[in-house]
Amino acid sequence: MLRIALPNKGSLSEPAIRLFSEAGYRQRRDTKELLCRDHDNGVEFFYLRPRDIAVYVGEGTVDAGITGRDLLLDSGAAASEHRSLGFARSTFRFAAPAGTASSLADIDGKRVATSYDVLVGNYLTSHGINASVVHLDGAVETSVDLGVADVVADVVETGSTLRAAGLDIFGDPILTSEAVLITPAERAHHDEFEVVDRRIKGVLLARQYALMDYDVPADRLDEAVKVTPGLESPTVSPLHDGTWLAVRAMVPRRDTNRVMDKLYETGAKAILVTSIEACRL
């Protein structure tokens, strides 16, 4: 059976489990379960610490997994990003006491506290910065006040936590992270994994599109089709009275209301939008 590791807790866990559930795979019913076998699809799911998943994948203990891009890069494991998944996004930035640093060069010779010492250390080295990286498991924003570090590198959402600690964000982002599907760096071909990947891609695409149906006068069809060109071409069927046509097309989900407004202006009626559960394109 194909082995896949999923996060057992944290911001990555629920969306990852939901993704595979929408892709048609059985998932655990209790958060205490660490293993779930989907015999019908030939997959075993292991629920592991997000920080450990890249290590298991890199060692080949499991065939694939979902973790954060930040955790993958920080692990140093022989695993690689196969597909970005679009959830659990975060940004890594440097921060220091107000007025003490404004660019990456100002970090040279200083101590940097972070929970991601491999990631941050590699970043500094790649930019020619000689700094001492101090590993902390959490609450890095207090490290400056406690005299452990001069600068911190941490996940930033609004920056309010860092500002409350008297720190200002500076420099370019270290990394923009999100959930990713990872595989061993030297991945052997697995037909089963190709099916999993295709299903996941189908779910991700389905989340981006909606199905739109509407009726339009036959003499307004060309105008309406310009609004809803679909992926290949819309489906058009004649209605019983012969003067109207029924049209169906996929449209970007974020644009549905704007598209409906434009269709209404062309004379379209009975405009309906339906969610897409999954697709293959």
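In helix 8 (residues 256-266), Thr-256, Val-259, Leu-263 and Thr-266 are buried, meaning under 20% relative accessible area, where exposed is over 50% and partly exposed lies in between (1.4 Å probe, protein chains only). Look down the axis of helix 8 and its buried residues fall within an arc of 80°, so they line one face of the helix; the arc is that of the directions from the helix axis to the C-beta atoms. Over on the other side of helix 8, you'll find Asn-257, Tyr-264 and Glu-265 exposed. The cover on the buried residues includes strand 12 (209-217), helix 7 (221-227), strand 14 (244-252) and strand 15 (269-275), with contact taken as heavy atoms within 4.5 Å. After helix 8 comes Gly-267, with a positive phi near 100°.

A word on the ground rules. This is a predicted model, where local features need pLDDT of at least 70 and side-chain atom pairs count only at pLDDT 80 or more, while totals for chains, interfaces and linings use all residues. Residues are numbered from 1 along each chain as its sequence is written, and side-chain values use heavy atoms, leaving out hydrogens and water. Helices (H or I, at least four residues) and strands (E, at least two) are DSSP runs, numbered from the N terminus.

Six strands make an open sheet in the order 2-3-1-4-11-5, with mixed pairing; two strands pair if DSSP finds at least two bridges between them. Strand 2 (35-38) and strand 5 (79-84) stand at the edges with a single partner strand each, so one side of each has no neighbour in the sheet. Strand 1 (residues 2-7) and strand 4 (residues 64-68) run parallel, joined by two bridges, and Ala-5 stands opposite Gly-65 in strand 4.

On to the aromatics: rings of Phe, Tyr and Trp (its six-membered ring) pair if their centres lie within 6.5 Å, with planes under 30 degrees apart counted as stacked, over 60 as edge-to-face and the rest as tilted. That rule gives six aromatic pairs. One of them is Phe-20 with Phe-45, edge-to-face at 5.2 Å centre to centre and 70° between the planes. This pair links helix 1 to strand 3, 25 residues apart, and both Phe-20 and Phe-45 are buried.
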